[in-house]
Amino acid sequence: MSNSISIKSGAEKPKPSRAKIWFLVHSWMAMPIWAFVFFICLTGTIATVSQEIVWLADPASRANPPAQAGPLLSFDEIVAVVKEGHPEAIIQSISRPVKSQFALTADISYPDTTTRTLYVNPYTGVIQGESARFDFRQFIRGLHGWLLMPWTNGYSWGWYLVSITAIPMLVSLVTGLVVYKRFWRGFLRPRLRFNVNARVFWGDFHRLAGIWSIPFIAIISITSIWFLLQGILQDNQISFSTAGPPIYVDRADVPPLDANSQTPPFISLDEATAAVETAFPDFQASFVSMPWNAYAHYNIGGRSVSYPLLFENVSVNPYNAKIEQTRRISDLSWLEIITGSMRPLHTGDFVGLSLKLVYFFFGILLTMMVFSGMMIWTKRTFRDTAAVLRERKIKKQPNKQPDSRIPAYALQEGERT
C-alpha cells in the first residue's frame, strides 16, 4: 500500500542498497557539472558589464563631457594627438566611445611588436592613460567564452566546452515547463517562503527565478547553441559569408615611391570618412582600421541605424578615397543577418547601458537559479548518502535496536520526500 510503511526483509536489502550506492555515485559525479555551469553563468554575467567595471576601476577610461563641451575630435585630430604623444607608435585602429562618459581608444603598436591601448579624451584630446590590449574586459570575456584555452588549429576546445552547456540548459528549460504545471501562475502569484526552511526557500527561488527568466534562458541557450554550430562549421571550412575573397588596392592606384624610397602618403582619415558619409548619409562612422600595408584599405565602420544589432563596414581606397567594398545590411543575406545577430543577442551590448543592466540582472538570476539547483541537489545527495551509511551500519550490527527514526530506505516509493 502506498500509505503504509514497511521494513524490507534482510534478504531484500543488499540489492536496492547496491542500486542506491550507484545512484549516489552518479549524483556526486554530477556535482562538477553543476559547478561548471555555475562558473559559466557567473563569468558571463560579469562579462556583460565588463566595460563598465573597467570604467569604474580605471579613471583613465572616463571622459565625462566638460560643461562647455564642443564637438568631438575628428579622426585626423586624434591621429595628431597620438603622434605627438607617441611619435614612434603605429596607429592600428581608433574607436569612438559608445557613450559620452567613455574615453575613445586608439590601438597602437611599436617597432618592437609590443602593443598598447591609449585612452584619449574625445573632447579635449588629452591622452589620459594606457592599458594592455588584454585588459580585464578581454580577460573575463575570454574566460567565459573559451576558458582561456589556446586557439591552435581551429576553434579552441574551451569554446566547445562552454557552448555545449547550452544544450542541457535548453532541455532543462523545456522539461521544467512540462514538469511545473500551470507555470504561468508564478507570474500572477509569485511565492518565495523565507520562514519554513532552507530547502523550501531554495525550491521556491529555483521555480520563481526559472519562470521569470524564461525569455532570457531561451535567448542565451539558443545563441550558445549557434556558437557551438559556428565552431563546427568553420572548423570544417563551411561558411555562409557572401563577402568573397579579401580585396586589395589595385596596383595602378598605388603611387610610386618618392625620391627617398618612402611609402607614398595616404589620404587623411577625415577625407576617407567624408567620402563614406557623402555616399551614405545615414552612415555613422564610429571606428576606423588603418591600412596595414601599401595595398590595404581603410576600413570604416559603424553600427547600423536601421538594424542596430549589426555593424556596417566600408572599405575605402587610401590613395583616392574611392569606395571599393561595402558590407552594409543591404549587402548581407538573410542568413548572414540572422547568424550575425547571435552575438549581440547573447551579450546585450547593442542598445546601451540600460539593456546591459537588464542582461546583468537576469544573468544574476540565472546564476542564482543554477546555485539553488545545486543546493537542492547537494542537500538531497547528502541526505541519501547519510541514509545509506546508516543502513550499512545497521546491517553490520544486526542485534542492535533500530533507531526510532524511520530510515530513508524503509519508505515506500510514494512516501519519499
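Me: In this predicted model, how do the residues lining the second largest pocket divide into nonpolar, polar and charged?
Reply: A lining can be read by sorting its residues into classes, and in this predicted model the lining of the second largest pocket divides into 20 nonpolar, eight polar and five charged residues.

Me: How many residues line that second largest pocket, and which lie nearest its centre?
Reply: The lining holds 33 residues, and those nearest the centre of the pocket are Trp34, Ser172, His206, Met369 and Gly373. The elements that give two or more residues to this lining are α1 (14-48), α6 (166-179), α8, α9 (214-235) and α13 (353-396). As for volume, about 1100 Å³ of space lies in the second largest pocket.

Me: Turning to aromatic pairs, how many does the model contain, and how are Phe201 and Phe205 arranged?
Reply: Rings are compared by the distance between their centres and the angle between their planes, and with centres required to lie within 6.5 Å the count comes to 20 aromatic pairs. Phe201 and Phe205 form a stacked pair, with 6.3 Å from centre to centre and 25° between the planes.

Me: Why are Phe201 and Phe205 separated by about one helical turn?
Reply: The separation is about one helical turn because Phe201 and Phe205 are four residues apart in helix α8 (residues 198-212).

Me: Where do charged side chains sit over rings, as for Arg62 and Arg96?
Reply: Here one reads the distance from the charged end to the ring centre together with its position over the face. The charged end of Arg62 sits over the ring of Trp55, 5.2 Å from the ring centre, while Arg96 lies over the face of Phe75 at 4.4 Å from the centre of that ring.

Me: In which sense, parallel or antiparallel, do strands β6 and β7 pair, and which residue stands opposite Asn299?
Reply: In a regular strand the side chains alternate between the two faces of the sheet. Strand β6 (residues 298-303) and strand β7 (residues 311-316) pair in the antiparallel sense over six bridges, and Asn299 stands opposite Ser315 in β7.

Me: What does β7 form with β8, and what is noted in the turn?
Reply: The two strands form a hairpin with six residues between them, and Ala321 in the turn has a positive phi of about 65°. Strand β8 (residues 323-327) pairs with β7 in the antiparallel sense over four bridges, and Ser315 stands opposite Gln325 in β8.

Notes. Residues are numbered from 1 along each chain as its sequence is written. This is a predicted model: local features need pLDDT of at least 70, side-chain atom pairs count only at pLDDT 80 or more; totals for chains, interfaces and linings use all residues. Side-chain values use heavy atoms; hydrogens and water are left out. Two strands pair if DSSP finds at least two bridges between them. Rings of Phe, Tyr and Trp (its six-membered ring) pair if their centres lie within 6.5 Å; planes under 30 degrees apart count as stacked, over 60 as edge-to-face and the rest as tilted. A charge sits over a ring if NZ of Lys or CZ of Arg is within 6 Å of the ring centre and within 35 degrees of the ring normal. On a 1 Å grid over the protein atoms alone, a cavity is a set of points where a 1.4 Å probe fits but cannot get out, and a pocket is an open set with protein on both sides within 12 Å along at least five of seven lines; lining residues have an atom within 4 Å of a point. Grid points are joined across faces, edges and corners, and a volume is the space filled by probe spheres set on the points. Ala, Val, Leu, Ile, Met, Phe, Trp, Tyr, Cys and Pro count as nonpolar, Asp, Glu, Lys and Arg as charged, and the others, Gly among them, as polar.
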